[in-house]
Amino acid sequence: MRLTFENQRVLAVVAHPDDAELLCAGTLARARADGAVVGVCVLCQGDKGQPQPPLENLVEVRRQEMTAAAELLGAELLAGGFSDGELFDDSASRQTVIELLRRFRPTLVLAHAAADYHADHRAASQLAEAASWFAASAGQKTASPPLDAPPALWWMDTIEMISFVPQFYVDVSQLVDVKRQMLRCHQSQLARGGDADFSPLETLLLRQCQTRGAQAGVQAAEAFCTHAAWKRTRAW
Ligand SMILES: [Zn+2]
């Protein structure tokens, strides 16, 4: 069976500038190859992920890095502008994310799993779930008009695959290099590993997609679950 993303608009809603690379960039690249419009919505600025020595203009550097990565993917980049560690599922933040979703108008949202390791990932998970529902509600007013229907929602794998039992896998065997090239755009973060050419972050990326691939009988894969809730499930 081959899943096709034809005619879809696929948006990854992630907490930090380099999360999509680790968890869903291969799937986004496949979607784009199928003719889908793809986007990455990065909620936090990455303003607290300082390398040594620290960068005074870290926010600007990380914006440039995520812009370069999105360009490699051919993805539209949306930014939430939140500070790292200050992402919460509250009323004002929901309004922001609802408006971002209404600007992109996704048919499928990829979101962090509820049990992921970082508090920002967990907050991003809750925000993506709530906002992708309310984005289609006419009662929730923002600058842009509501969506026709809530998008489908897939939970992404967790970092290092902890506490995540996949429902299905997307074969990204041909797209590992895209993930690596995108990750290499984030030099400020690779520098945190001490060796820019062989950083723990790149090791983690390869280990994860190869392990998920081994579980699915292919070279590399990304793992997901569908959001099994009323009006959120879809037949593909
Ligand atoms: Zn993150």
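**Notes on the predicted model**

1. Valine 13 has alanine 111 as its bridge partner in E4. This is a predicted model, in which local features need pLDDT of at least 70, side-chain atom pairs count only at pLDDT 80 or more, and totals for chains, interfaces and linings use all residues. Residues are numbered from 1 along each chain as its sequence is written, and side-chain values use heavy atoms, with hydrogens and water left out.

2. The strand E1 pairs with two others. With strand E4 (residues 108-111) the pairing is parallel, over four bridges. With E2 it is also parallel, over six bridges, and there leucine 11 stands opposite glycine 39. Two strands count as paired if DSSP finds at least two bridges between them. Strands (E, at least two residues) and helices (H or I, at least four) are DSSP runs, numbered from the N terminus.

3. Two nonpolar cores deserve a look. A nonpolar core is a set of buried Ala, Val, Leu, Ile, Met, Phe, Trp, Tyr and Cys residues joined through side-chain atoms within 4.5 Å. The largest has 42 residues, and Phe5, Val10, Cys24, Leu28, Val40, Leu110 and Trp154 have the most contacts inside it. Another core, of 29 residues, lies apart from it and includes Ile98, Leu100, Ala135 and Trp155. In soluble globular proteins, nonpolar side chains tend to be buried together.

4. Cysteine 24 is one of the residues with the most contacts inside the largest core. Leaving aside residues up to four places away in sequence, cysteine 24 touches Ala12, Leu110, Met156, Lys179, Glu222 and Phe224. Contact here means heavy atoms within 4.5 Å.

5. How many disulfides are there? The count is zero, taking a disulfide as a pair of cysteine sulfur atoms within 2.5 Å. For cysteine 41, the nearest cysteine sulfur is that of cysteine 44, 10 Å away. Cysteine 41 is buried, at 1% relative accessibility. The sulfur of cysteine 225 is too far from any other for a bond, because the closest cysteine sulfur, in cysteine 24, is 14 Å away. Cysteine 225 is likewise buried, at 11% relative accessibility.

6. In helix H6 (residues 176-184), the buried residues include Val176, Lys179, Met182 and Leu183. They cover an arc of only 130° around the axis, which puts them on the same side of H6; the arc is that of the directions from the helix axis to the C-beta atoms. An α-helix has 3.6 residues a turn, so residues three or four places apart point the same way. Among the elements that cover the buried residues of H6 are helix H1 (19-23), helix H2 (25-33), helix H3 (58-73), helix H8 (200-216) and strand E7 (221-226).

7. The model has 11 salt bridges, each a side-chain nitrogen of Lys or Arg within 4 Å of a carboxyl oxygen of Asp or Glu. Aspartate 18 and arginine 62 form one of them (3.8 Å, N to O). Aspartate 18 lies in the loop between strand E1 (9-14) and H1 and arginine 62 in helix H3, so the pair ties together parts that are 44 residues apart in sequence. Both residues are buried.

8. Glutamate 86 and lysine 48 form a salt bridge too, with the closest N and O atoms 3.1 Å apart. Glutamate 86 is in the loop between strand E3 (76-82) and helix H4 (91-104), and lysine 48 is in the loop between strand E2 (37-44) and H3, 38 residues apart. Glutamate 86 is partly exposed at 47% relative accessibility, and lysine 48 is partly exposed at 47%. Asp47, Lys48 and Glu86 are linked in a network of salt bridges.

9. Arginine 207 meets glutamate 160 in a salt bridge (2.2 Å, N to O). Arginine 207 sits in helix H8 and glutamate 160 in the loop between strand E5 (152-156) and strand E6 (168-171), 47 residues apart. Arginine 207 is partly exposed at 38% relative accessibility, as is glutamate 160 at 26%.

Notes
Buried means under 20% relative accessible area, exposed over 50%, partly exposed in between (1.4 Å probe, protein chains only).
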